[in-house]
Amino acid sequence: MLGVCVPAARVVLLGLLAVLAAGCRMDLVAPIELRADGSAVAGLEARFDPRMLAELDALGVDPTAELATVVGADDAWTLTRTRQEDGGLTVALRRELADAAELPGIYAQLQAGLSSADPALSIDLERVEVAGGRSHLEGTATFRPPSTSGLTVDGEAVGEEDEELAALVEDAVAVGVEVVMPGPVEEHDGFRLERDTVRIELEQGQPRRFTVTSAPPPWWSRIPTDGSALLVLGGVVVILLGAVLVVLGRRRATPEA
């Protein structure tokens, strides 16, 4: 979620308010992935349920337009739109990083230019480590929802604080940070989704500190997956199976066995 400061943004925001009031739901996520080789992935995702998607289509509102603007300004980002089996839609903003140490600066760039009153999912990473097979991620995340049903013009908010709006957002929008580690998660203060994945749930307006630490990845995860490596691996499997068959054959041929 980014700040809005153009007239068309009022239409988008008011359209979203109508959708939230209709009982639709949305999941706003910051997915972060650390890899064993020291690289990483930064991202932002918006997951719309089928009902919300249908309502937005009927209103002619594209709430992902600002994400497309980010991609247009920096081609290091990629934007994908994926339809889910249930009819929902996931819009994902993703950036590959050669060095995980770049993650704090990348999320700081996404928040650049926003005022303290602009709606935002703020990610402040304080410690990112991938060393010696172990990995650690630590930081603070904050979800700042829209506080008015208006927009910002020349830095000034148009409209008054709207408690009903805040309640609608709290009921309809789930917000979180999902961290994927290169190895099995050992310590965390969130909700484990997978052996290597943790989700940190956020409450609107409440800064949430989080830490995730993982053990070294399993040995089999380091096996290359290109074609030549698979041929070699296939050859090893054939040899092993052959050896097992030879041993079994000898046992059957030996009376003592």
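**Close-up views of a four-stranded sheet**

**View 1. Four strands build an open sheet.** In this predicted model, the strands line up in the order β5-β6-β13-β10. Their pairing is antiparallel. Two strands stand at the edges: β5, residues 120–131, and β10, residues 185–188. Each has a single partner strand, so one side of each is left without a neighbour in the sheet. From one strand to the next, the twist averages 15°.

**View 2. Strand β5 pairs with strand β6.** β6 covers residues 134–144. It runs antiparallel to β5, and eleven bridges join the two. Look for two of the facing pairs. Ala120 stands opposite Arg144 in β6. Ile123 stands opposite Ala141, also in β6.

**View 3. A hairpin links β5 and β6.** Two residues lie between the strands of this hairpin. Find Gly132 here. Its phi is positive, near 60°.

**View 4. Strand β6 also pairs with strand β13.** β13 covers residues 208–214. Seven bridges join β6 to β13, and the two strands run antiparallel. β6 is mostly covered. Nine of its eleven residues are buried.

**View 5. Ser122 sits in strand β5.** Ser122 is part of β5. Is Ser122 buried or exposed? Its relative accessibility is 18%. The cut-off for buried is under 20%, so Ser122 counts as buried. Which residues does Ser122 touch, not counting those up to four places away in sequence? They are Gln111, Thr140, Ala141 and Thr142.

**View 6. Thr142 sits in strand β6.** Thr142 belongs to β6. With 19% relative accessibility, Thr142 counts as buried, because the cut-off is under 20%. Leave aside its neighbours within four places in sequence. Thr142 is then in contact with Ala120, Leu121 and Ser122, and also with Leu202, Gly205, Gln206 and Pro207.

**View 7. Ser122 and Thr142 come together across two strands.** Ser122 lies in β5, and Thr142 lies in β6. Along the chain they are 20 residues apart. How far apart are their C-alpha atoms? The separation is 5.1 Å.

Technical notes: Residues are numbered from 1 along each chain as its sequence is written. This is a predicted model: local features need pLDDT of at least 70, side-chain atom pairs count only at pLDDT 80 or more; totals for chains, interfaces and linings use all residues. Side-chain values use heavy atoms; hydrogens and water are left out. Two strands pair if DSSP finds at least two bridges between them. Axes are lines fitted to C-alpha atoms, for helices over the stretch in contact, and angles run from 0 to 180 degrees between N-to-C directions. Buried means under 20% relative accessible area, exposed over 50%, partly exposed in between (1.4 Å probe, protein chains only). Contact means heavy atoms within 4.5 Å.
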